[in-house]
Amino acid sequence: MDRDQGSQLEPSAETPFGDEETPKETGESPFPQIPPQDVITEPEVPDPFLLDEEGDALSEEERQVATTPTAVNSESQEHATPAHEISLLPQDASETATSIAPTSPAVDKNVPPLPSEESDKEEAPEISVPALIKPGMFLPIPNTDPLTTLLSKYIHPPEKRPVRDLSGEWQRSDFHTLVMTNSWRALARMARDHLVNTTPEDVAKILNLWYIRLSSLARLRLFNQTSAECTNLFAVLNAIEPPEDRAWLFDNILPFELEVMYARLKYWAGDHMGYLDALYALLYKCKTKARQAGREAAALATSSGTADVPVPTAKGDSVTAVMWKERAVRICLITASQLVEMNDLPAATKLLEPLCEQPNQPLTTDGAQEGTPNTSIPALRSALGRIYLQAGNLHLAARHFAAASKDPAVEPTMKEMNAALFACADGQWERASETLRGLLEKDAENGVAVNNLAVALLGQGKMQEGISVLENALRASPSSVVIAEPFLFNLSTLYELRYANAIEKKRELLVEVAKWSGDGLKTSCLKLPTN
């Protein structure tokens, strides 16, 4: 959300750096029992986010398709005539045909081979898109940034200005180092150099490089350039012929993150309602794909005669359904964030409430051990409770925080942070300070706890102590702190409240930020005007 240039500090809700160490759990709940307030209830509305699980109701026609033994290929059934669906062998005979010895004397008669599983799958077409790797698709990246502009204006003589590398050279570093140092300019140029040297037949690699290029430009806050290049990309993709190849590319190769970025172009253009419409279209696509994959998995499992133990292909389809459901949840969270930014808090909470009712099943996907607790539900409840805090509804916030603290998958650090934020919202600044100091005793590099402790100290009128807490964290871990924009915003605000010559303190902060920060910092958090 855009921050006002006032004197209000911003508590953090997410950890921008460092791994948090978990404190000991306490037996009593940190949330007081607040009597429910009289609220005007709205009429019941349809669930804004409803994903069909295996037990969801299907129409009679869909149920017949999912339970028919011959429904092996749903796509072929859709276009088949009734005559093609009639089995030439009775069902009872077909089940025992393999166990009956042939009565014909021609026992050596040649029989056609059994169809392979791969023959039922759609073959990948050969796609070559030379237009995606043409140098004319890319715009030049500016060799300056807003931070350099501030240095030129406020730091004199020039010898005091830290040297910043704006060349974008990437040959002497690897990909991981560039990401960890926020070298987005070098990453954007690296992706461009690799793209122009890639063969046009390797479409998957080309699209992945395009995502690195566009996401790096967005991190640089070059939104106009990102929009122009992203528009060029999808103009080429939408012109692929024949239409069957284009549809196969969009369904199987195009990264989902590129579709999300293409929807975000409307946000960068200032069309927030259009952005919500584009997100809803992606949500509808995810739900449709999840239903389709689930029906195909059920049909294949039924046709194999082992509905309880799916065949490998059906298992793959069920994994596909889970993937699309996870993507739908991501789109739902992005939409809720946009609604919060638009200050439509009731709509954001109404969108997130149904997600908290999903079953908290253990994770069994690749990369996680079987039975690993699913921490998404307590994290979602914590986020929802913080939205209610922002809306001023302490009763519902306490209810969600209490539910999150009782979840066996919740991290103790999250419980303590929720308790501290609730105490701040309830005006219990001393209690919040004690809780946050306890977190810092366990993990001194917990940036969120440091930032929120400064806010709690300001609530008690201890501005100098709050400044000391933030400055100590800056000296201890400068490379991690300077990328946290709420941290810099709060420190600049405390300087304005505490010192008459706050401009000098902010100049010193500017020099430290220029030494340690990478590309793409939002310089408004320093509260130094550029004009």
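**Helix packing chat**

User: Which residues in H15 meet which ones in H16?

Analyst: On the H15 side there are Leu345, Thr349, Leu352, Glu353, Leu355 and Cys356, and they meet Ile377, Leu380, Arg381, Leu384, Ile387, Tyr388, Gln390 and Ala391 in H16. By class, that contact has 10 nonpolar, 2 polar and 2 charged residues. Contact here means heavy atoms within 4.5 Å. For the classes, Ala, Val, Leu, Ile, Met, Phe, Trp, Tyr, Cys and Pro are nonpolar, Asp, Glu, Lys and Arg are charged, and the others, Gly among them, are polar.

User: Before we go on, what kind of model is it?

Analyst: It's a predicted model, where local features need pLDDT of at least 70, side-chain atom pairs count only at pLDDT 80 or more, and totals for chains, interfaces and linings use all residues. Residues are numbered from 1 along each chain as its sequence is written, and side-chain values use heavy atoms, leaving out hydrogens and water. Helices (H or I, at least four residues) and strands (E, at least two) are DSSP runs numbered from the N terminus.

User: OK, what's the angle between H15 and H16?

Analyst: About 160°, with the axes of H15 (345–356) and H16 (376–391) 10 Å apart. That makes H15 roughly antiparallel to H16. The cut-offs are under 35 degrees for roughly parallel, over 145 for roughly antiparallel, 65 to 115 for roughly perpendicular, and oblique for the rest. Axes are lines fitted to C-alpha atoms, for helices over the stretch in contact, with angles from 0 to 180 degrees between N-to-C directions.

User: And which hand is the H15–H16 crossing?

Analyst: Left-handed, as in the near helix being turned anticlockwise from the far one by less than a right angle (clockwise would be right-handed).

User: Is threonine 335 buried or exposed?

Analyst: Threonine 335 counts as buried, at 14%. This residue is in H14 (312–341) and touches Leu276, Leu279 and Leu351, leaving aside residues up to four places away in sequence.

User: Now H21 and H23, how do their axes cross?

Analyst: At roughly 140°, coming within 10 Å. So H21 is oblique to H23. This crossing is left-handed.

User: How many residues of H23 are buried?

Analyst: 10 of its 14, so H23 is mostly covered. Among them are Phe487, Leu488, Phe489, Leu491 and Tyr495. The buried residues pack against H20 (447–459), H21 (463–476), H22 (478–481) and H24 (502–516).

User: Last one, what surrounds H9?

Analyst: Its buried residues pack against H8 (184–195), H10 (223–237), H11 (243–252) and H12 (256–268). Trp210 and Arg213 are among those buried residues. Just after H9, arginine 221 has a positive phi of about 65°.

Terms used. Buried < 20%, exposed > 50% of the residue type's maximum accessible area, 1.4 Å probe, protein only.
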